[in-house]
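Student: Could you take me through part of this model? Please keep it short.

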Amino acid sequence: MLFNSLAFAVFFPLVGALYFVLPRHLQTWHLLIASCIFYMAFIPAYILILGLTITIDYIAGLYLEKATGRTRSWLLAVSVVATCLVLFVFKYFYFVIDNAIGVSSLLGLQLSRPTIEIILPIGLSFHTFQSLSYVIEVYYGRQKAERSFLTYSTYVMFFPQLVAGPIERPQNLLHQFAERHRFDYARVTSGLKRMAWGFFKKLVIADRLALYVSDVYAQPQDFNGLQLTIATIFFAYQIYCDFSGYSDIAIGSARVLGFKLMENFDRPYHSRSISEFWRRWHISLSTWFRDYLYIPMGGSRFGERRHFLSLLVTFGVSGLWHGANWTFVSWGLLNAAYLIIGSLTKELRDLAYASIGLGEKTLARRAIAWATTFVLTCIAWVLFRAETLSDAWYILTHLLVDWNVEQIATEQFLLRQMPVALLAIAMLEAVELVQKRVSISELLARLPIAPRWATYAGCVIMVVMFGVFRQTQFIYFQF
Amino acid sequence: MISGLGRIAAFAALVLVLAVLLHAVIDAGLRHIDTSSFGVWNRIYDGTIDADVVVSGSSRALTHYDPRIIANYTGLRAYNIGLNGSQTDMQVARLATYLRHNKAPLLLIHNLDAFSFQTTHGGVYDPGQYMPYLREPAIYDALLRSDPDAWRSKFVPLYGYAVQDLRFTWISGVASALGWKPAEDHFQGFKPRFASWTEDFARLKASNPNGVTFAIEPDGVTAMEALLRLCSAHGVKVILVYSPEYEEMQRLTLNRREIFGAFEKLGRDFGAAVWDYSNSPISAHKQYFYNSQHLNAEGAELFSRDIASRIVSDSFTGLLAEAAGRDRIGREMERIRTQ
C-alpha cells in the first residue's frame with residue numbers, strides 16, 4: 001500500500017483508532033495484522049518471503065544467544081547467508097546471470113538467459129537489512145534474543161517503516177512493542193504534522209519534479225544541455241524529497257501510534273563536504289554500513305591504504321544494495337572516490353584557501369564548500385538515475401552544451417509547472433533553514449486556535465491542490 | 001481520548017468544508033469565463049451558439065476551420081467546437097452536449113484524422129477542462145468509459161482538479177471568481193496557430209523510419225457510428241472532411257488506404273459526404289503547416305476559403321435555401337411578436 005493512496009487514507013485512521021481502543025495484549029497482534037494487510041496490498045504472495053526471513057532470523061537469534069564458541073559463528077553465518085540468499089535470488093540473480101553471459105560471450109561461449117520471471121518484492125533490501133541487524137546485534141551480545149515470535153515479526157513488519165525504512169536497530173525499536181501506547185493528543189497531532197510535511201515533500205515537490213526528470217532521463221539525447229542540467233538538479237531534489245518525505249511519513253505515522261523511529265535525514269544538501277553529506281543522508285543505512293561493514297573491515301584504524309579500501313568496498317556494496325545495475329555500483333564507487341580524493345587533497349585545499357585569505361569560518365569559503373559538495377553530489381546522482389552507463393556518460397558530457405532557454409518544458413512538465421516547482425523547492429529550503437534555529441511547529445502552537453487551525457487547514461489544502469497524485473511509487477521502494 | 005479524537009475529527013471536518021467550498025468556487029469561476037477554451041465550453045453549455053454550420057473534431061478541426069470565413073461565404077452562422085487532444089469518443093460527447101443545449105445545426109462538418117477510429121485510452125487529455133461539466137450526461141458517461149474511476153472527480157471534492165489535472169486549471173477558476181479572464185484566443189471556437197514549421201515531424205520520422213500504422217479499433221468505429229447516428233437523429237446533414245495533411249506524412253502512414261476505405265463505408269452507410277483534401281495543393285507546402293497534422297493560421301485561412309466555397313458551390317444550395325427560409329420564418333415570427 002502506498003502512503004500516497006486513497007487506500008492508505010482510509011487504512012491509517014482505521015488502524016490508528018482501533019489501536020488505541022484495543023487492550024494491551026491485542027495491540028501487537030493488531031499491528032502485525034495491519035502490517036500484513038499493508039504489505040499484501042502490493043503482491044500478496046511475497047509475504048511468504050518475508051515470513052521466511054523472519055522465521056530464519058528469529059530462530060537464529062534464539063540459538064545464537066544460547067550457543068558458544070564456533071557454533072555461534074556458524075549460526076551467524078548460516079543466518080546471514082540464508083537472508084542474503086533471498087536478497088540475491090530476487091534482486092541480483094539476473095544481474096549476475098547477465099554479466100556472466102556477457103563475460104562468457106567475450107570468451108566465445110554462448111549461454112542463454114533463463115526465462116523465469118522474477119519480480120523484486122517491495123522493500124526487500126530494507127527488511128532483510130533490519131533482520132540482519134538483529135542477528136548481528138544478538139551475536140555481539142548487544143541485544144537479547146526476542147522470545148516472542150509475535151513481537152519479532154511485528155518488529156520486522158511494522159508497516160510505517162516496512163518497505164523503505166528507516167532501517168531500525170533492535171535496541172531502538174524492539175522494546176517499544178512491549179510498551180503500552182495510549183492516546184496522547186499532543187503526540188498524535190505532532191505525528192500527523194510530521195506526516196503532512198512528508199506529504200508536502202513527496203506530492204508537491206518530488207512527484208512534480210519527477211515529471212520533468214522522467215521525461216529527460218528516458219531519452220536524454222532528445223534534450224539540450226539546459227534541460228539535462230535542470231533535470232539533474234531536479235533529480236537531486238526529487239530523490240531527497242521522495243525519500244525523506246517517505247521517512248517523515250513513516251516517523252510521523254509511527255509517532256501517532258506511540259513509536260519513536262530514528263531520524264533518517266538531516267538537511268543533507270546543506271553539507272559542506274561529501275563526508276558530511278554521508279552523515280546526513282539516509283542515516284539509518286549509512287550507519288548500518290558503517291557498523292557492519294566499514295568498521296569490521298578496519299575503517300580508518302589501519303593506515304591510509306586499508307582505509308581507502310574499506311571506503312571503496314563499503315560504497316561499492318552500498319551502490320549494489322541500491323540496485324542490480326552497474327550505474328548504482330559506479331555511483332557508490334564515485335562517492336568513495338570523492339571521499340578518498342577529499343582526504344588526499346585536504347591539506348592542499350587548506351593551503352590554497354589560506355593563500356587567498358579564506359579562513360575556515362569565512363562565508364565565501366563555506367559557500368564554495370557548499371556549492372562544490374552540491375555539484376559533486378548532483379554529478380553522482382546522474383549515475384544513480386541514468387538507465388545505463390552510456391546514458392550517464394551522454395548526460396555528463398552534455399550538461400553544459402547547447403543551452404536553449406526557449407526550450408525548457410518537456411512533454412509532461414509544461415512551463416506553467418515551473419514556478420510551482422521552484423517555489424516549492426524554495427519553501428523547502430526556507431523551512432529547513434528556519435527549523436535549524438526555531439521549531440516552526442512550536443511557533444504555530446503558540447497561536448490562538450482559530451489562526452492556528454486556519455494555517456494547518458491552509459497547508460493541507462495547499463498540499464492537495466499543488467500535489468501530484470499519480471500514485472507514484474517512492475523511489476526507494478525498488479530497493 | 002474522546003475529546004482528542006473529537007478535535008481531530010473537527011479539524012478533518014473543517015478541511016472537508018473548505019474543500020467543498022473551494023471546489024464550488026473553482027466550478028463557478030470556470031463557468032463564468034467567456035473567453036478562450038472555457039468560453040467555448042460555456043457557450044456550448046449555456047446554449048448561446050445556435051449555429052447553422054458546426055465544425056467538430058480534434059485539434060485539426062480546432063485549428064483548420066475559421067467559421068468567420070465560412071460565414072462570409074455561405075451567409076450562414078458557423079461555429080467551431082473542435083476539441084484539442086481528443087479522440088472520437090470525447091468529440092461525440094462534446095457534440096451531444098452541443099445538441100442538448102443548442103438548436104441543431106443544418107450542417108455538421110466533422111473533421112477526420114488518421115486516428116479517428118481510436119478512442120481514449122489511459123485518461124483524457126487535459127481533464128481539467130471537463131470538471132465543471134460533469135453533470136452533463138454525455139461528458140460524464142464518456143469520461144467514465146475511458147476511466148472507471150472518473151466518478152471520484154464528480155463526487156470527491158477537489159479530486160478532479162487536484163488529482164486528475166496537472167495544469168492548475170483550478171487557479172484559472174479561482175482567478176476568474178476574482179474577476180480575471182484569460183486572453184481571447186478563440187474566434188467562433190476557431191483557434192488559429194501563428195506558428196511556422198517545427199521539428200516535430202522530423203522527430204516522428206526518425207522514431208518511425210518504417211512508417212506508422214493507426215489502429216482501427218472496433219470501439220472507434222462504434223464511436224464514429226454514434227456520431228453519425230446522433231446527427232441523423234437530430235436531422236443534421238454531415239460532411240466528413242479529411243483536411244489537408246502534410247504529404248510526406250501521408251506516405252508515412254502505412255494503412256492509409258484501409259482507413260479511408262472505412263471512412264467511405266461510413267459515408268455510404270449513413271448518407272454522409274466524404275471530402276478528402278489529401279491532394280489539396282496546400283498539403284504539399286510546409287509553409288502552411290507547423291507540423292505534419294496541423295495547418296498554421298495562413299494554411300487554415302486558405303483551407304477555410306476552399307471549403308467554404310465548396311459548400312456554396314457543391315450540392316448545398318438546398319441547404320442554403322433552407323437556412324434562408326428558416327431565417328425568413330424567424331424574421332416573420334419576430335415581426336409578429338413585436339407587433
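Student: Which residue stands opposite Leu108(B) in β3(B)?

Tutor: This is a predicted model: local features need pLDDT of at least 70, side-chain atom pairs count only at pLDDT 80 or more, and totals for chains, interfaces and linings use all residues. Residues are numbered from 1 along each chain as its sequence is written, and chains are lettered from A and ligands numbered from 1 in the order in which they are written. Strands are DSSP runs of E, at least two residues, numbered from the N terminus. Strand β1 (residues 53-56) of chain B and β3(B) pair in the parallel sense over 4 bridges, where pairing needs at least two DSSP bridges. Opposite Leu108(B) stands Val54(B).

Student: What is the bridge partner of Ile109(B) in β4(B)?

Tutor: β3(B) also pairs with strand β4 (residues 237-242) of chain B. The sense is parallel, over 5 bridges. There, Ile109(B) has as its partner Ile239(B).

Student: Is β3(B) largely enclosed or largely open?

Tutor: Leu107(B), Ile109(B) and Asn111(B) point one way, Leu108(B) and His110(B) the other, and all are buried. Buried means 20 or more other C-beta atoms within 10 Å of a residue's own, C-beta atoms being placed from the backbone. So 5 of the 5 residues of strand β3 (residues 107-111) of chain B are buried, and the strand is largely enclosed.

Student: How do the axes of α5(B) and α11(B) run relative to each other?

Tutor: Helices are DSSP runs of H or I, at least four residues. The axes, lines fitted to C-alpha atoms over the stretch in contact, come within 9 Å and cross at roughly 15 degrees. Angles under 35 degrees count as roughly parallel. Therefore α5(B) and α11(B) are roughly parallel.

Key:
Axes are lines fitted to C-alpha atoms, for helices over the stretch in contact, and angles run from 0 to 180 degrees between N-to-C directions. Angles under 35 degrees count as roughly parallel, over 145 as roughly antiparallel, 65 to 115 as roughly perpendicular and the rest as oblique. A residue is buried if 20 or more other C-beta atoms lie within 10 Å of its own, exposed if 12 or fewer, and partly exposed in between; C-beta atoms are placed from the backbone.
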